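Q: Hi! Please walk me through this one once it is on the screen.

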Amino acid sequence: MPTYLVDLADPVPAHLADELAKRVYYLAVDIDSFTLVHVGDQVTGVQITTVGAADRDVLARKLDQVSRAEVLPQRMTAAEPVWTSPHPAVPVSGVYDSLRELGAVVEMGPGAVATGALFTDVLDALDRRVRAIAVERFGAVQYRYPTLISTSALRRGGYLTSFPQFVLSASHLSTDLDVYREFADGVAGVEDLAGLFERGSAHAGYCLAPTMCFHTYLQFAGRRLSAEPTVVTSRGKSFRFESRYSRSLERLWDFTIREVVFLGDAATVARQRQEFLDAACALVEDLGLAGHVEPANDPFFAGAEVPTRMLAQRLRRLKYELRLPVEDGRTVAAASFNVHGMTFGESYGIALADGGTAYSACVGFGLERFAFAFFCRYGTRPDRWPVRIRELLDERHS
């Protein structure tokens with residue numbers, strides 16, 4: 001595979017290197033791997049390996065475009081923790097490999113894993129603890145939503161313009177006898193199945209849901225809420241195209257979210273977000289896990305307004321992430337706690353009892369990440385876990 005050294009027209013400061021790295025795989029479909037080139041305290045270029053021959057000038061244009069529009073203008077503030085667990089992090093490695101060897105995790109393809117009883121039982125136990133907070137403390141009503149969500153609903157909520165890199169759409173073969181025949185005849189002999197699908201497919205009007213909260217906003221679209229705060233919780237599969245960034249259980253294309261959505265007036269949803277954050281931190285402490293909570297931003301992409309939106313989220317403390325340690329000194333965002341103002345109330349026409357526009361907040365737990373962090377702390381042998389921890393996960397004690 002050919003490798004190209006692509007120089008940046010404007011070097012990127014080293015403290016923004018990760019922001020550049022998060023975008024490289026999304027520049028072109030044939031990028032197989034890359035390495036940032038550091039000279040002193042700057043990134044001066046990117047060494048890119050592609051699956052086939054590529055046009056270096058095109059790669060340079062795209063790299064400079066995203067760097068100038070989305071990386072260099074960033075004025076990122078330091079992510080100072082607002083909460084830190086009293087439990088120290090325990091350095092570990094090889095946990096994911098151990099889970100694979102035990103059959104607790106089975107890789108099914110890029111960004112897709114199956115989980116056996118050991119992992120699934122822990123994931124479900126942790127989910128019960130989070131769900132109990134939502135239901136018992138906040139009176140959340142539970143819903144189970146479909147895997148598919150209408151494309152128009154995602155556009156209405158701004159997802160398609162904010163995160164185009166993540167979108168996974170649903171398609172079907174065009175309703176046409178000739179298309180069916182051509183497809184069926186071609187399946188056996190063609191190597192390029194993707195091309196065969198593309199030639200005969202039509203967008204179904206749906207996407208794979210990237211998160212659960214958009215289902216909730218659609219559910220209440222055009223409605224007037226009662227005088228009491230509205231709280232909804234759901235658990236379901238979520239889908240985000242992670243390109244080649246997929247890594248073990250830390251970054252999946254297909255993962256499970258426990259989500260809690262708060263709808264009401266500004267003061268109420270802000271208070272509920274904070275109260276749930278406090279309860280989540282207490283849960284982490286109860287579980288004996290290390291970790292911290294810090295201000296964060298969403299991974300906006302492909303727009304000149306990206307740096308401004310990211311900075312605004314951090315400065316206004318609109319998004320917090322609960323980060324838990326996993327392997328080799330890394331941490332993962334196992335949960336996020338977000339306030340949205342009237343963004344979704346306006347987009348979906350959700351009104352308060354007095355007719356004003358509803359405010360919203362949401363909490364989301366990535367359950368595979370949460371469970372993986374648990375295994376990274378306690379290992380893959382339940383018989384060696386502390387009795388108190390086993391009791392905390394026992395359904396009878398949840």
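Q: Let's start in a strand: which residue of strand 14 stands opposite E294?
A: That is E321. Helices (H or I, at least four residues) and strands (E, at least two) are DSSP runs, numbered from the N terminus.

Q: And what am I looking at, a prediction or something else?
A: A predicted model: local features need pLDDT of at least 70, side-chain atom pairs count only at pLDDT 80 or more, and totals for chains, interfaces and linings use all residues. Residues are numbered from 1 along each chain as its sequence is written, and side-chain values use heavy atoms, with hydrogens and water left out.

Q: Thanks. How do strand 13 and strand 14 pair?
A: In the antiparallel sense, over four bridges, with strand 14 covering residues 319-325. Two strands pair if DSSP finds at least two bridges between them.

Q: In what sense does strand 4 pair with strand 13?
A: Also antiparallel: strand 4 (residues 83-84) is joined to strand 13 over two bridges. There, T84 stands opposite H292 of strand 13.

Q: New topic: rings. How many aromatic pairs does a search of the whole structure find?
A: It finds 29. One of them is Y25 with F34, an edge-to-face pair with 4.9 Å centre to centre and 70 degrees between the planes. Rings of Phe, Tyr and Trp (its six-membered ring) pair if their centres lie within 6.5 Å; planes under 30 degrees apart count as stacked, over 60 as edge-to-face and the rest as tilted.

Q: Are Y25 and F34 buried or exposed?
A: Y25 is buried, at 14% relative accessible area, and F34 is buried at 18%.

Q: Why is the pair of Y26 and Y245 tilted?
A: Because the planes of Y26 and Y245 are at 40 degrees, with the ring centres 5.5 Å apart. This pair links distant parts of the chain, 219 residues apart: Y26 is in the loop between helix 1 (17-24) and strand 2 (31-39), and Y245 is in the loop between strand 11 (230-239) and strand 12 (254-264). Y26 is buried at 17%, and Y245 counts as buried at 18%.

Q: Which ring does the charged end of R309 sit over?
A: The ring of F300, 4.0 Å from its centre. For this, NZ of Lys or CZ of Arg has to be within 6 Å of the ring centre and within 35 degrees of the ring normal.

Q: What volume does the largest cavity have, and what lines it?
A: The largest cavity holds about 80 Å³, where volume is the space filled by probe spheres set on the points, with grid points joined across faces, edges and corners. Its lining includes P88, L289, L324, C376 and R377. Strand 14 and helix 13 (367-378) are the elements that give two or more residues to this lining, and helix 13 gives the most, with three.

Q: How do those lining residues divide by class?
A: Into 11 nonpolar, no polar and one charged. Ala, Val, Leu, Ile, Met, Phe, Trp, Tyr, Cys and Pro count as nonpolar, Asp, Glu, Lys and Arg as charged, and the others, Gly among them, as polar.

Q: And what lines the second largest cavity?
A: V179, E182, F183, L196, R199 and G200. Its volume is about 40 Å³, and helix 7 (177-187) and helix 8 (193-200) each supply at least two of the lining residues.

Q: Last one: which residues line the second largest pocket?
A: Among them are Y25, Y26, P110, R244 and W253. About 240 Å³ of space lies in this pocket, and its lining has eight nonpolar, two polar and one charged residues.

How values were computed. Buried means under 20% relative accessible area, exposed over 50%, partly exposed in between (1.4 Å probe, protein chains only). On a 1 Å grid over the protein atoms alone, a cavity is a set of points where a 1.4 Å probe fits but cannot get out, and a pocket is an open set with protein on both sides within 12 Å along at least five of seven lines; lining residues have an atom within 4 Å of a point.
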